[in-house]
Structure formats: structure tokens, C-alpha cells
Amino acid sequence: MNTDVFISLAYIVSAVLFAFGLKLLGSPATARKGNLLSAIGMLLAVVVTLTSRHIIDYKWIVLGLLAGSALGVYAANRAKMIQMPEMVALLHGFGGLASVFVDWVAFDSHLHLGLIATVSIYLSILIGGITFTGSCVAWGKLSEKLPGSPISFPGQKLLTILIFLAVVVCGVIFIGFPGHHYTVFLILLGLSLLLGVLLVIPIGGADMPVVISVLNSYSGLVACTTGFVLDNTLLIVAGALVGANGVILSIIMCKAMNRSLINVLFGGLGSSTKKSVTETGEAKPISAEDAFLVLESAKSVVIVPGYGLAVAQAQHAVRELGELLEENGCDVKYAIHPVAGRMPGHMNVLLAEANVPYDQLLEMDAVNPTMNMVDVCIVIGANDVVNPAAREDEASPIYGMPVINVDEAKTVFVLKRSMASGFAGIENPLFYKENTRMIFGDAKSTVQSLVAEFKSAAE
Amino acid sequence: MEHLIYLLFILALSVFLGFALISRVPPLLHTPLMSEANAISGITLIGALVAAGSEINSTLTIVLGVFSVGLASFNVVGGYLLTEKMLKMFKKKGQ
């Protein structure tokens with residue numbers, strides 16, 4: 001049996017391991033095994049590829065492998081859970097750039113490319129370039145090295161459209177006319193890199209879960225098109241799996257914000273011209289001591305965390321409060337909105353890190369039907385995802401967005417720094433409801449004082 | 001042309017498989033899912049290995065080859081380790 005056949009057979013095993021790994025990710029009990037199987041599949045693919053007869057010189061490979069792996073280990077060990085979105089963005093970018101380089105080598109070393117390879121190289125460079133710089137901008141925004149708010153300048157949309165047209169022209173020359181168009185290739189690469197920046201800078205920090213998901217699907221797509229360039233079926237299968245992943249997560253995120261993908265990527269929020277009914281009324285503040293008395297007699301408590309909880313680093317204090325409530329005979333659950341945090345599932349990871357058992361982490365749809373039986377709902381660092389205006393006020397910019405119906409609980413505590421509105425600047429009538437009490441101050445110190453009250457009462 | 005159809009056939013079935021598998025992953029695990037997907041997209045590494053080790057060697061292709069191997073292996077190693085790091089934290093009550 002020659003090595004080419006052997007390699008192809010091993011690739012089939014790898015593809016099956018990737019798919020099986022994703023299947024096992026369907027439950028937290030088997031997820032680690034799934035990740036391990038997937039990694040074994042990858043190792044197998046790499047090892048058999050190294051036996052390929054096309055590889056003659058190993059010194060550069062070893063250099064790249066050692067440097068990349070060492071940096072990978074270093075980065076993974078150092079990354080904190082709150083930094084996960086920016087790490088993932090960075091990885092997307094690197095994946096995109098790696099594919100661009102692979103395609104560049106393929107283009108450079110073959111003077112006569114077939115139609116399939118030419119079209120695939122064109123698509124790879126375009127998507128790979130956008131993925132790389134787009135991810136870099138997303139990384140900058142998430143790590144706060146760039147301002148999180150949308151960046152725009154006069155003529156931005158026009159410039160983006162012009163670049164897009166230039167990309168199409170490049171495509172016509174690159175694919176339609178015979179010859180080895182190196183200059184067009186380089187122009188295309190430059191334009192794609194520029195396009196990646198222009199597409200992501202106008203998107204605000206709160207929409208990052210969608211951007212990350214879209215970039216995820218791009219990084220899969222570019223692996224896929226590279227598979228067509230190299231005529232490699234494993235790249236096509238793996239790329240398609242990743243692409244599907246990005247698409248599904250993008251759809252889930254958009255649904256959770258009740259916006260279309262086009263609206264998130266190309267249009268800003270708050271275009272509604274109708275004047276929203278401004279809620280009149282007064283927010284009723286409550287002290288931590290009084291809040292404790294209410295919590296002490298509560299039989300069921302639902303905690304709704306938002307990104308503000310993670311920013312305040314309050315998750316450990318919250319877990320402690322949850323445990324004290326349970327010792328007091330209270331049922332404690334956490335309700336997680338799909339877009340809470342800066343990437344899909346981010347809030348779950350942050351709470352798991354604080355040792356909150358995952359069976360207490362519930363999805364919005366599981367919590368909402370039982371909300372009227374809940375004694376106390378504690379909203380920590382969340383705002384728009386609990387805004388009842390999404391249900392009640394047709395003029396509200398977030399009208400129609402699915403929210404956690406905290407206002408249906410008997411009592412709602414909102415932990416908040418001040419009365420300022422959320423990132424989108426949308427009024428939240430929840431604060432003025434009859435059953436809402438505001439606890440002002442830093443989320444972490446508020447929760448800590450509640451914990452202290454419980455402890456002193458137990459003594 | 002026949003070969004293209006064959007590749008597209010594989011693509012279509014893989015996309016379908018991806019949708020079927022991933023729609024069953026609970027939102028609880030979406031962050032680890034994404035970082036594992038990230039690691040899988042590092043599969044471009046196998047293309048990079050051939051690019052960095054083949055016989056046609058100009059300085060440009062060597063540099064591109066080494067960087068593509070480095071970036072892709074960062075993606076693979078970093079992606080799988082991050083996923084493991086996160087999944088390790090998910091515990092059931094009393095576990």
C-alpha cells in the first residue's frame with residue numbers, strides 16, 4: 001500500500017474523530033472526552049501528513065511546530081476566563097492568516113493552476129484576509145486596546161463599497177483572464193486585509209458575540225476553500241464543520257437580540273425614530289440590610305448575571321451568596337440570557353470557574369415559564385436582557401427581543417452602580433416597577449455585604 | 001469537473017453533519033464549543049506542513065511556510081488546551 005492511500009485512510013479516521021468529538025460536546029458529562037478525541041484526530045492527521053512523500057525538508061517544519069505549539073501552550077495557560085472572547089478572536093485571526101499563507105505558497109509554486117484551484121485561491125485570500133484583520137480588530141475591541149464603541153468616519157460606507165467593487169474587479173481579472181496574475185493577487189490580499197478592518201470597526205462592543213461567531217464561520221470557510229486549493233478532503237470536512245458551527249451560533253445570537261445578521265453587521269442600533277414612552281416614576285432604593293431580610297425568608301431565588309458581574313469580578317462572591325441561600329433552605333438558580341457576556345456561552349464559563357454547579361445554570365426559556373413562582377430575582381450587572389420594554393413598549397429599540405421576565409417575580413433586586421442606562425442607552429422601565437428595589441453600589445461589595453449579613457445571622 | 005462534483009458532494013454532506021451535530025450542543029457549552037471549533041479550523045496545519053517542507057524553495061515560500069505552520073499549530077494547541085481548561089471547570093452539584 002503506498003503512503004498516499006495510507007494518508008487518505010488516516011484522514012477518514014481523523015474526520016470521524018472530529019465529528020464524534022463534536023457529538024460528545026452535546027453533554028457536559030462527555031464533553032472532555034469529546035475534546036480529547038478531537039485532539040487525537042488532529043494529532044493523527046499531523047503525524048501521517050509528516051510521512052507524505054511531498055515533504056522533503058523537515059527543519060522548517062520543526063521550527064514552526066515548536067514555536068507555534070510553545071506559544072499555544074503559553075497563551076492557553078495564561079488566559080483567564082474573562083479573556084476567553086479575545087483569545088478566541090485571536091485564534092480565529094491566526095487560523096485565517098495561516099490559511100492565507102498556505103494558499104500563497106500554493107499560488108507561488110504553481111504557474112499553471114486549474115479553474116477550481118484559481119477560484120478557490122481567490123475565495124481563500126478574500127475570506128482569509130477579512131478573517132485575519134477582522135479578528136485583530138475584534139481582539140483589540142474585546143481586550144480594550146481599541147475603543148469598544150463603534151468607530152466611524154465620513155465616507156466609510158462609500159469606501160467599503162468601493163473596496164468591495166475593486167475586489168470583484170480583481171476576481172474578474174484573476175479568474176476570467178488566463179495567466180499568472182501575481183500583482184492582482186497581492187492587490188487582492190491588500191484589499192481583503194483592509195476590508196476586514198472596515199467591516200469590524202463600525203460594530204460596537206455589545207454586538208461582539210455575533211462578530212466572533214461570524215468570524216468563526218469564516219475561519220471554517222477559509223479552511224474549506226484551502227481544501228479545494230490543495231485538493232484535500234479532510235480540510236473540506238473540518239472546515240465545513242467549523243463553518244456550520246459559526247453559522248449556527250450567529251443565528252442563535254441574532255435571534256436572542258431580535259435583529260437580523262445584516263442589521264448587526266451593517267446597521268447601528270437605535271435607528272427607531274418613534275419616541276419611546278418614557279417611564280415616569282421613582283426608583284425605590286433598598287439597603288443591603290433590608291435586602292437580606294427579604295432574602296432570608298425567600299424560598300426560591302433566581303440570579304440573573306450580566307457582563308457587569310464579570311467586570312466587577314463578583315462571580316465568586318455571588319457563588320458564596322448562592323450557597324448561603326441554599327443552606328438557608330432556599331432553591332437557587334441562575335438564569336443566563338444567550339447574549340449575556342461577550343461571546344456565546346461566556347457567562348456559563350465565568351460561573352463554572354467560580355464553582356457554580358452547571359445544573360444550576362438555566363437557559364432563559366427554561367426559567368421564564370416559572371418566573372411567577374420565584375420569590376426574589378437578583379439582577380447583577382445585566383440591563384437590556386431583563387428590560388420589560390422589549391415585551392411592552394413597541395417604540396423601544398429592543399422591542400421584540402426575548403428577555404428574562406424578571407419583573408414577573410414577586411420581588412426584583414437590581415444591583416446597579418447608578419441610574420445610568422445600559423450600553424445601548426435604552427430606558428429600562430424595570431427600575432420603576434412596583435416590585436423592584438434598587439441596591440446601588442459596586443456589585444461585588446454589595447454581594448459581599450449580603451454574604452456578611454447571612455454569616456452574622458448564622459452566628 | 002467530475003472531481004469538483006466529488007469534492008462538493010463531500011462538502012454538502014459535511015455541512016449537513018455539522019449542522020446536525022452542533023445544533024445539539026447546549027448553550028451552556030457554547031464557549032468551549034467555539035474554542036474547539038477553533039482548534040479544528042487549525043486543520044490547515046496539514047496544508048502548512050506540506051507548504052513548509054516541499055522541495056520548491058524560494059525564500060518567500062520558506063518564510064510563508066514556517067509562519068503558516070507556526071500560526072496553525074498555535075491555533076491547534078491553543079484551541080484544544082483552552083477547551084480542556086474550560087471544560088474541566090464544569091462540575092455537577094456535589095462533584
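Tutor: Start with one pair: Val301(A) stands opposite Val376(A), a residue of E4(A). The model is predicted; local features need pLDDT of at least 70, side-chain atom pairs count only at pLDDT 80 or more, and totals for chains, interfaces and linings use all residues. Residues are numbered from 1 along each chain as written, with chains lettered from A and ligands numbered from 1 in written order.

Strands pair if DSSP finds at least two bridges between them. E1(A) has another parallel partner: 4 bridges join it to strand E2 of chain A, residues 331-336. There, Val302(A) has Lys333(A) as its bridge partner.

E1(A) spans residues 300-305 and is mostly covered, with 5 of its 6 residues buried. Buried means 20 or more other C-beta atoms, placed from the backbone, within 10 Å of the residue's own; exposed means 12 or fewer, and partly exposed lies in between.

Now step back to the domains. An automatic or database assignment sets their bounds. Chain A has domain 1 (1-78), domain 2 (87-266) and domain 3 (288-458). The C-alpha centres of domain 1 and domain 2 of chain A lie 24 Å apart. Their contact takes 8 residues from domain 1 and 6 residues from domain 2 of chain A. Contact means backbone-placed C-beta atoms within 7 Å. On the domain 1 side, helix H1 of chain A (residues 3-24) gives the most, with 6 residues. That side divides into 7 nonpolar, 1 polar and no charged residues.

Confidence next. Chain A averages a pLDDT (the predictor's confidence in each residue, from 0 to 100) of 89, and 95% of the residues score at least 70.

Last, the partner chain. Chain B brings 77 residues into contact with 92 residues of chain A. H4(B) gives the most to the chain B side, with 27 residues. By class, that side has 46 nonpolar, 22 polar and 9 charged residues.

Key. Contact = placed C-beta atoms within 7 Å. Helix = DSSP H or I, 4+ residues; strand = E, 2+ residues; numbered from the N terminus. Nonpolar A, V, L, I, M, F, W, Y, C, P; charged D, E, K, R; others polar.
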